[in-house]
Amino acid sequence: MAITSANQLELLQTAEAVAREKMIDPGLVVEAMEESLARAAKSRYGAEMDIRVSIDRRTGKATFTRVRTVVEEEELENYQAEFTVEQAKQYMADPKVGDTFVEEVPPVELGRIAAQSAKQVILQKVREAERDRQFEEFKDRAGTIINGTVKREEYGNVIVDVGRGEGILRRNEKIGRESYRPGDRIRCYIKDVRRETRGPQIFLSRTAPEFMAELFKMEVPEIYDGIIEIKAVARDPGSRAKIGVISYDGGIDPVGACVGMRGSRVQAVVNELQGEKIDIIPWNEDMPTFLVNALQPAEVSKVVLDEDAERIEVVVPDEQLSLAIGRRGQNVRLASQLTGLDIDILTEEEESKRRQKEFEERTQLFMDTLDLDEFFAQLLVSEGFTNLEEVAYVELDELLVIDGVDEGTAEELQTRAREHLEEQARKALENARALGAEDSLIAFEGLTPQMVEALAKDGVKTLEDFATCADWELAGGWTSVDGQRVKDDGLLEPFDVSLEDAQTMVMTARVLLGWVDPTELEADDEAEGDETEEQEA
């Protein structure tokens, strides 16, 4: 193919036709043609040469030029595309470093191989431009629902025509055992739009919790208007779902609005989700109350929340246990996803046995350490005393409210408790020293002898050792392993040391050792305080 007057206009016509078909800028197609012709010319004149091609956007005439750049003599590397100031003087009047000399060269004949190569370059450029156009068009539509048409199915993944682009609905994003045929209409949630060098860029989903939330927004005008808000969604796609809603208008019932007249609104969502049963639950800022609602239809007797561990303990009547857990644990699993808490479910009988066991253990503790009879020890436990520290250091008045306890008895109880604690501390200190604990650690403020003993048993024997500990190593914490929350026991966890306490102690140790500048800590604290105030505002 030679670039002649006969096919000059053909170039522009081809560019126009391709741009129209792919819905991209014709200029991008012409640029691709220029690049492909330049590549073909380089194979003819030499790869070292800087050959450029310019196609006139009006006439279609292709102009081939050779460009040479003026460089310093010591920087001259490519003799075909560069020359020195001295060499340039025969072509230019006053050459300077950085100037370019452009001369036209004869157009090349495109042989079969060169023409094929040019075609590949054009196709590649067009494909890239098409993908950029598709990304720009859909990047702001992530998080919305789109209607499309099924084009084909590949290895369980569905390729969906979404208008001016293609999306992919992966096998794990389909509900249950959905199957589609080419031409079927499909409604999906745009989960993500990413720039990819190959393959699809628009990732669709029908299992995402957000898909259900968007469907409700389409069916319930109050949600669209912001009067009702969807606070949380948990799904077992194709089977069951729970959705937490709150109304900002006291006159509108959020659950009733989402259900609709005779269930018309929720039924429309259920039909779209292949019959997925939906529990609509009123949201409550009080997490235990919200959880009681979330475990419907099961009844809950009692809830105990542990905010530090992000766990919640639920007590249900014996006959409600299977209902609360649900088939294959579905009900409690969805309630856990909805609240973001790990849920332990106990029956009233199990909880009663556990409380009885704790009662007996505490009674025995007071009998052994305070030399009390069983009745008197049980009185202490019944009044809410759980350990020796509470008995030893509580206000005297709190002991006097116990039946049969006068001032003398109360003082005797506290004396016995303090003596026992002091004896425990003395023994713990002896053991810690025997294990190699140094005075720098023993004298550190905030650590009791029992704590020092526990640290020494684990090899933490000096203040330097203590300063290298992480806060979670001391206070304990929770980590996720294979999707399961696993407990990490802390060295000082038995002594009720919180994560914040552990952080403070470790940083104090580092300041004492000179590892950290206290002024930097104060600046960090002030910055955190300002940030907290901004968030609250």
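This is a predicted model: local features need pLDDT of at least 70, side-chain atom pairs count only at pLDDT 80 or more; totals for chains, interfaces and linings use all residues.
**Salt bridges, an enclosed helix and a charged patch**

Aspartate 439 forms a salt bridge with arginine 433, and their closest N and O atoms lie 2.8 Å apart. Arginine 433 is partly exposed, with a relative accessible area of 44%. A search of the whole structure finds 21 salt bridges.

A second pair joins arginine 206 to glutamate 272, again with a closest N to O distance of 2.8 Å. Here distant parts of the chain are linked: arginine 206 sits in the loop between strand S9 (202–205) and helix H5 (209–219), while glutamate 272 belongs to helix H8 (residues 264–272), 66 residues apart. Arginine 206 counts as buried because its relative accessibility is 2%, and buried means under 20%.

Arginine 152 and glutamate 166 form a further salt bridge, with 3.8 Å between the closest N and O atoms. Arginine 152 lies in strand S5 (residues 145–154) and glutamate 166 in strand S7 (residues 166–169), so the pair ties together parts that are 14 residues apart in sequence. Both partners are partly exposed, arginine 152 at 34% relative accessibility and glutamate 166 at 27%. These two residues also take part in a network of salt bridges with Lys151 and Glu154.

Turning to the fold as a whole, the protein has 22 helices and 17 strands. Of its 537 residues, 38% count as buried. Among contacts with a separation of 6 or more, 54% come from residues 24 or more positions apart. The protein exposes about 31,100 Å², and carbon and sulfur atoms supply 46% of that area.

Helix H11 (residues 330–339) is largely enclosed by the rest of the structure, because eight of its ten residues are buried. The buried residues of H11 are Gln330, Asn331, Val332, Leu334, Ala335, Ser336, Leu338 and Thr339. Their cover includes strands S10 (228–236), S11 (240–247), S12 (277–282) and S15 (342–347), together with helices H9 (287–294) and H10 (321–325). After H11 comes glycine 340, whose phi is positive, near 75°.

The surface, in turn, carries a patch of negative charge where Glu395, Asp397, Glu398, Asp406, Glu407 and Glu411 gather. Helix H15 (396–400) and helix H16 (407–434) are the elements that each give two or more residues to this negative patch. Glutamate 398 is found in helix H15 and is partly exposed, with a relative accessible area of 44%.

Methods
Residues are numbered from 1 along each chain as its sequence is written. Side-chain values use heavy atoms; hydrogens and water are left out. Patches are made of residues with over 30% relative accessible area and no salt bridge: like charges are joined within 9 Å, nonpolar side chains (Val, Leu, Ile, Met, Phe, Trp, Tyr) within 5 Å. Accessible areas come from the Shrake-Rupley method with a 1.4 Å probe; for residues, only the protein chains shown count as cover. A salt bridge is a side-chain nitrogen of Lys or Arg within 4 Å of a carboxyl oxygen of Asp or Glu. Lys and Arg count as positive and Asp and Glu as negative; His and the chain ends are not counted. The place of a charge is taken as NZ of Lys, CZ of Arg, CG of Asp or CD of Glu. Helices (H or I, at least four residues) and strands (E, at least two) are DSSP runs, numbered from the N terminus. Buried means under 20% relative accessible area, exposed over 50%, partly exposed in between (1.4 Å probe, protein chains only). Contact means heavy atoms within 4.5 Å.
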